[in-house]
Amino acid sequence: MTARSGAGGRSTDETEAGPALRPALRRAAIVTVVLAGLSLLAAIIALGARNELGKALQVPAATLAGLVLLVVAFATLNYAIRIWRFVFLARRLGLSAGVGAMSVFYVAGFALTMSPGKVGEMARLWFLKRRYGFDYRRGVALQLGDRIGDVYAMLLLCLAGLAGFEPYRGAVFAVLVAALAGTALLVRPRLLVAGIGAAYGVVRRKPRLFVALRHMVRHTALVMRGGVFVPALALGVVSWLAEAVSLWLVLHLLGTPVDLLAATFVFAFAAVAGGLTMAPGGVGGFEIVMVMLLGLQGVPTDMAVVATAVVRLGTVWYGTVAGFLAVPVALRMSAPPSAVPAALAQPTI
C-alpha cells in the first residue's frame, strides 16, 4: 500500500482500512473453502481406496462433535499463550499497547492463515501500524520473532518424542541445524547488515529499502537475545504442547491410544513438515504426515484419518473462522487516533 498524506496528516493507508483489506480477505475466504473441500475429498478417497470409509463413518456424530470441542478448548489455550508471547515481544520492541487490542489484532491475523507460509498473518502488523503507528521495520521483527519461536518450539517437541521415531532423527536435526544457523545470523547481525550494505553498493537504487532492511535486522536481533527469546520460547513450547496433548486425548477417546511423547512427536513433526511445504496452512503435508506417523504407531488408517480431521477442525480451521470473525472488530479497534499514540516507546531489553 502506498502511503499518501490524508486529512490530519494521516496517510491514506491508515484511513482507508476496509477497501485495502477486503480483496485479501476475499481471496483468503475462497482459498479456505476450496482447501477445506479438497481436504474432505482427499480423506474420502483415501479411506475408500482402503475400504475403510464405512468404519470411519461409524463414529457417532455426537462423539466427533465432542472431540472437536475438546480440541478447540486446547487450541484456545494455545492461542491465549501465543498472544501473551506476542504482547511480550511487542513490549520489548517498544509497543506498550493494551492486551485486549493486541489479542483482537492477533486473532484477526488468522483470517489469512490460508496463505503460503502463513505470510498473510502479517496483516496483524498492518493493524498495529494503523492504530499505534508501529512501523513495519519493528513489526516484521515482531512477526519473525513470533514465527521463529514457533519453529524452535516444534523442534523441541520433536526432540522430546524422537526416541520412538529413529528414522526421522536426521530430518529433525537437519531442520534444527538450519534454524540455528539462521538464528546465529539474527543474533549477531553484523554479517547481515554488511551484506545489505554490499548489496546496495552494487545496485545503487532504492536506498530507503536498504535502510529499512538494516533497521529490521537490528530490531530482530533485539527479540532474539537470550533474555527475550528464552521466555518467549518457553511460552511457545507450552502453547504447542497443549495441542499435542489434545491429539493424545483424542486418540485415547477413539480407542486407539498412543504414548504421550509419541503423540507429541507426531503432532510437532507433522506441523514442521506442513510448514516446510509452504502450502496454505500446511494443508496436505500436515495431514499426510500425521496419518502416516499414526499408522506407524499402530493406529488403524480409519481412526488416524478421523483423529487428524478432528485435530485440524479444532485448530487451523477453528482459528481461521475465529480470524474472520475478529476482522471487523479489529478494523474498528485499529481506527487511528487523532493524536500521536502514547503507547509507542523506545525498544527495551
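Predicted model: local features only at pLDDT ≥ 70, side-chain atom pairs only at ≥ 80, totals over all residues.
Local features are reported at pLDDT of at least 70 and side-chain atom pairs at pLDDT 80 or more, while totals for chains, interfaces and linings use all residues. Residues are numbered from 1 along each chain as its sequence is written, and side-chain values use heavy atoms, with hydrogens and water left out.

**Nonpolar core**

- The largest nonpolar core has 88 residues; such a core is a set of buried Ala, Val, Leu, Ile, Met, Phe, Trp, Tyr and Cys residues joined through side-chain atoms within 4.5 Å.
- Helix α4 (residues 61–92) supplies the largest share of this core, 12 residues; helices (H or I, at least four residues) are DSSP runs numbered from the N terminus.
- The residues with the most contacts inside the core are L128, L142, L247, F265 and F267.
- Leaving aside residues up to four places away in sequence, L128 touches F86, L95, M102, F105, G133, F134 and L142, where contact means heavy atoms within 4.5 Å.

**Helices α4 and α14**

- The axes of α4 and helix α14 (residues 301–333) come within 8 Å and cross at roughly 45°; axes are lines fitted to C-alpha atoms, for helices over the stretch in contact, and angles run from 0 to 180 degrees between N-to-C directions.
- α4 is therefore oblique to α14, as angles under 35 degrees count as roughly parallel, over 145 as roughly antiparallel, 65 to 115 as roughly perpendicular and the rest as oblique.
- The crossing of α4 and α14 is right-handed, meaning that the near helix is turned clockwise from the far one by less than a right angle.
- Among the residues that meet are L64, L67 and Y79 in α4 and V306, V310 and Y318 in α14.
- The residues of this contact divide into 13 nonpolar, 4 polar and no charged; Ala, Val, Leu, Ile, Met, Phe, Trp, Tyr, Cys and Pro count as nonpolar, Asp, Glu, Lys and Arg as charged, and the others, Gly among them, as polar.

**Helices α8 and α12**

- The axes of helix α8 (residues 169–187) and helix α12 (residues 260–276) come within 12 Å and cross at roughly 55°, so α8 is oblique to α12.
- The crossing of α8 and α12 is left-handed, the near helix being turned anticlockwise.
- A171, V172 and V175 in α8 meet F265, F269, V272 and L276 in α12, and the contact has 7 nonpolar, no polar and no charged residues.

**Glutamate E287**

- E287 lies in helix α13 (residues 285–296).
- E287 counts as buried because its relative accessibility is 17%; buried means under 20% relative accessible area, exposed over 50% and partly exposed in between (1.4 Å probe, protein chains only).
- E287 touches G282, T308 and R312, not counting residues up to four places away in sequence.

Conventions:
Helix = DSSP H or I, 4+ residues; strand = E, 2+ residues; numbered from the N terminus.
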